[in-house]
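Visitor: Please take me through one part of this model in detail. I would like the aromatic residues and the helix around them.

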Amino acid sequence: MGRRPQPHIKERLLDACADHALAHGLPDRLEPLATGTGTSARMLIYHFGTRDALLRAVLGRARQRQLDTFGDLLRVRPDEPYTATLDRAWTSITGPDGRPYLRMFGQLRESAEQQVWPNFRRTATTDWLGPLEDGLRSIGRPELAHL
């Protein structure tokens, strides 16, 4: 009789792997993630199935953190011109708070991206367009939200 899935352990490992990848970059092998999270490669495979499934989950978790953190920066504030909102958001996204995300996501090459997360670059670029268009609508320029 095998062990039953333990979602709380998987979630804790996923958070720890995402922390490690944001701090050190997305590794090519499982060992850096295992060492960095205090577990073994075998346990990572047990919980995630494959290396690519783990890397997809890590990218997904990191991307959700980025969207949660920086998405709020793009929302319209009644007491602030949207151009000031954009300036503050850009400073944060490209500054020290955003660098771990930019470094990790920038590591993805087209060939590796197709294996780990198909269409990641397009998704990571276009998912900001909705909040940006909403904000630009507040200054009468929603058409500026494009690639």
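Guide: Phe70 and Tyr101 are both buried, meaning under 20% relative accessible area, where over 50% is exposed and anything in between partly exposed (1.4 Å probe, protein chains only). This is a predicted model: local features need pLDDT of at least 70, side-chain atom pairs count only at pLDDT 80 or more, and totals for chains, interfaces and linings use all residues. Residues are numbered from 1 along each chain as its sequence is written, and side-chain values use heavy atoms, leaving out hydrogens and water.

The structure holds two aromatic pairs. Rings of Phe, Tyr and Trp (its six-membered ring) pair if their centres lie within 6.5 Å; planes under 30 degrees apart are stacked, over 60 edge-to-face, the rest tilted. The ring centres of Phe70 and Tyr101 are 5.8 Å apart and the planes stand at 85°, so this pair is edge-to-face. Phe70 sits in helix 4 (residues 51-71) and Tyr101 in helix 6 (residues 99-106), so the pair links parts of the chain 31 residues apart. Helices here are DSSP runs (H or I, at least four residues), numbered from the N terminus. Ring pairs join Phe70, Tyr101 and Phe105 into a cluster.

Gln66 also lies in helix 4. Gln66 is buried, with a relative accessible area of 4%. Leaving aside residues up to four places away in sequence, Gln66 touches Gly71, Tyr101, Phe105 and Trp128; contact means heavy atoms within 4.5 Å. Gln66 and Phe120 are 54 residues apart in sequence and 14 Å apart in space, C-alpha to C-alpha.

Conventions:
Helices (H or I, at least four residues) and strands (E, at least two) are DSSP runs, numbered from the N terminus.
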